[in-house]
Amino acid sequence: PESMAQRELPTSTLIFDRNGQKLYEVFDPAYGRRQYVPLTDIAPYLIQATISTEAADFYSNTGINTLGRLVEVIADQPFEKFMESRIFQPLGMKDTCFYPKPEQFDRIAVIYKRENGKLVPSTIDRFRKNYRFTRASGGLFSTASDMARFYQMSLNGGVLEGRRLLSRSAVEVMTAVHTEGIPVGGTNDAAYGLTWRIVKGA
């Protein structure tokens with residue numbers, strides 16, 4: 001039978017992929033510790049790790065980052081600039097960004113991990129000083145008030161304060177269940193939309 005790799009695929013296929021290879025498995029061998037690598041450079045490695053000939057069964061970070069590169073090609077600008085001009089600025093999300101400025105560092109929450117039964121500060125680079133590429137799969141810093149504006153726009157079907165950012169049909173497709181019958185987070189009460197986690201019956 002014709003495989004997924006032999007025919008044209010909808011872009012949503014990149015979000016749900018069985019391969020699900022970890023980003024560092026693809027990225028580190030290719031670029032080591034370079035401080036910044038644009039998506040245009042890393043995309044070929046992401047694509048190699050993403051497309052599978054089997055049916056999709058869970059979220060794929062490498063696939064979502066590949067989609068970020070597709071946005072760059074279509075929009076002819078870096079993904080972070082596209083998000084800023086098309087989403088953050090129109091929605092008034094003034095504290096949302098991929099790379100925080102030094103004056104924002106004091107407002108970034110401390111990340112904790114459990115160690116020997118206690119919560120201790122994590123050693124993760126929470127200021128992203130040495131981060132290497134813009135992650136479409138989850139690389140944003142934001143605030144509760146900024147996210148409230150984004151979610152309200154989504155609840156309104158793509159409109160906030162009289163300004164439309166997304167079509168109603170786009171919001172409906174994004175928030176529809178696309179992984180019916182596949183457990184998410186160990187439960188059958190949730191599913192994935194397109195970059196959304198959907199709680200069934202909510």
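Trainee: Which residues are buried in H5?

Mentor: A residue is buried at under 20% relative accessible area, exposed at over 50% and partly exposed in between (1.4 Å probe, protein chains only). In H5, the buried residues are Asp146, Phe150, Met153 and Ser154. This is a predicted model, in which local features need pLDDT of at least 70 and side-chain atom pairs pLDDT 80 or more, while totals for chains, interfaces and linings use all residues. Residues are numbered from 1 along each chain as its sequence is written, and side-chain values use heavy atoms, without hydrogens and water.

Trainee: Where do these buried residues lie around the axis of H5?

Mentor: The arc is taken from the directions from the helix axis to the C-beta atoms. In H5 the buried residues fall within an arc of 105 degrees, so they line one face of the helix. Ala144 and Leu155 are exposed on the face turned away from that buried side.

Trainee: What do the buried residues of H5 pack against?

Mentor: Contact means heavy atoms within 4.5 Å; helices (H or I, at least four residues) and strands (E, at least two) are DSSP runs, numbered from the N terminus. The partners of the buried H5 residues are H4, strand S3 (159–160) and helix H6 (168–174).

Trainee: At what angle do H3 and H4 pack?

Mentor: Axes are lines fitted to C-alpha atoms, for helices over the stretch in contact, and angles run from 0 to 180 degrees between N-to-C directions. Helix H3 (residues 61–75) and helix H4 (residues 79–91) pack at about 75 degrees, their axes 9 Å apart. Gly68, Val71, Glu72 and Ala75 of H3 meet Phe79, Glu80 and Phe82 of H4.
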